[in-house]
Amino acid sequence: MHTFQTDVLVIGGGGGGAMAAYEASKHGVEVMMVLKGQPQRCGSTIMAPGAIAAVGDWRVQGDSRDLHFQDTIKGGAYLGEQGLVRLMVEEAPDLILELERIGALWEREGDGSRYALRTGGGHSFHRCTFQEDRTGREMLRALMGTLQKRFVRIVPDVMVLKLLNTGDRLAGALGLDMQTCQPVLFSAKAIILACGGAGNLYANTDNPTDVTGDGYALALEAGTVLMDMEFVQFFPLGFCFPRSLKGALAVIPSYVHLRNSLGRRFMDNYDPERMELSTRDRISRAMFTEITEGRGGPHGGVFADLTYHKPGFIARMLPALYETYRKLG
């Protein structure tokens, strides 16, 4: 059995785990991360193509943090915890700058004077910083590099099976080495769960195969209470053909015109003001309605039309997806 001892044990290797380890490392304690896969090769963050919304000094004219707050509350159908939304809106600009200070590279305008900004579902202004279609990868690259400099130990390829307690507090965790099938014991004064969601409970999911709800099970068995379990989010656009890529991320909604089998751009029936810039839940329901009412494509989906862009746009703005498209023909 392999044994490890640390002050703070972070379970999970995505953006949440990396940021938790980074923040903990600022306080003079020993920090360790345990990952079910390899660093920068597991979890959902590494796949995220989108952007990070924040209203900082780089804001476009007319935008404000209050408007960002309102957009977020409305986009969540007024179900969001408003105190937490306000905290996110106020702290996000400083965190974007901090990520840049530790090495993240955000897209800039041609003269380099300010961030290039894109918009996303439910946003009333362009307020999202990004890096091509590799924003999640860029976040992780910067954070993991900084964790190495801060001597945060990373234990890869270990699946945590159980949290251990001494009766009144957690004392560690028991894991399984995915390469050797040997048990691994962690002793820790504090444990942070950052294990991601449970997308692979569903037949169709854009989540990578290692997102299996481990953290939920660990938390429940340790006696904690879970909340808001009905709020499961998927990226609206994933491949339904070829079958080998079923569910895999297809394209960013704001860069496409969604069309049904009749060739009609159908979002004007569901959100005529914002069209494909609507929120993910509305886009998902609109697509589902078109398919169930018989206007879906031959493989059970709808069509994502990018042909209205000028030549070179996709290769420039979505290089990773562009290479995928080319390989698929």
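Biologist: Asp-157: buried or exposed?
Modeller: Asp-157 counts as buried, because its relative accessibility is 13%. Buried means under 20% relative accessible area, exposed means over 50%, and partly exposed is in between, with a 1.4 Å probe and protein chains only.

Biologist: What sort of model is this?
Modeller: It is a predicted model, in which local features need pLDDT of at least 70 and side-chain atom pairs count only at pLDDT 80 or more, while totals for chains, interfaces and linings use all residues. Residues are numbered from 1 along each chain as its sequence is written, and side-chain values use heavy atoms, with hydrogens and water left out.

Biologist: Back to Asp-157. Where is it, and what is its phi?
Modeller: Asp-157 is in the loop between strand S5 (153–155) and strand S6 (158–165). Its phi is near 60°, a positive value in a residue other than glycine. Helices (H or I, at least four residues) and strands (E, at least two) are DSSP runs, numbered from the N terminus.

Biologist: Which residues of H2 are buried?
Modeller: In helix H2 (residues 65–75), the buried ones are His-68, Phe-69, Asp-71 and Ile-73. Strand S3 (52–53) and H3 are included in what covers them.

Biologist: Where is there a cis peptide bond?
Modeller: From Phe-241 to Pro-242, with omega near 0°. Pro-242 lies in the loop between helix H5 (214–221) and S9.

Biologist: Zooming out. How many helices and strands are there?
Modeller: The protein has 8 helices and 10 strands. Its C-alpha trace spans about 60 × 45 × 40 Å along the principal axes.

Biologist: What share of the residues is buried?
Modeller: 42% of the 329 residues. The protein exposes about 17700 Å², with 54% of that supplied by carbon and sulfur atoms; these areas come from the Shrake-Rupley method with a 1.4 Å probe, and for residues only the protein chains shown count as cover.

Biologist: Which residues touch the most other members of the largest nonpolar core?
Modeller: Leu-99, Trp-106 and Leu-147, in a core of 30 residues. A nonpolar core is a set of buried Ala, Val, Leu, Ile, Met, Phe, Trp, Tyr and Cys residues joined through side-chain atoms within 4.5 Å.

Biologist: Which elements supply it?
Modeller: At least two residues each come from strand S1 (2–11), helix H1 (15–24), strand S2 (31–34), helix H3 (82–101) and helix H4 (135–149). H4 gives the largest share of this core, 6 residues.

Biologist: Which residues are in a second core?
Modeller: This separate core has 24 residues, among them Phe-235, Tyr-255, Leu-258 and Leu-306.

Biologist: What does Leu-147 contact?
Modeller: Leaving aside neighbours within four places in sequence, Leu-147 is in contact with Ala-18, Ala-21, Tyr-22, Met-33 and Val-152. Contact means heavy atoms within 4.5 Å.

Biologist: And Tyr-22, buried or exposed?
Modeller: Tyr-22 is found in helix H1 and is buried, with a relative accessible area of 4%. Beyond four places in sequence, Tyr-22 is in contact with Glu-98, Ile-102, Leu-143, Thr-146, Leu-147 and Arg-150.

Biologist: Where is Thr-279, and what does it touch?
Modeller: Thr-279 is in the loop between strand S9 (257–259) and helix H6 (280–295). Not counting residues up to four places away in sequence, Thr-279 touches Gly-75, Gly-121, Gly-122 and Arg-274. Thr-279 counts as buried, because its relative accessibility is 9%.
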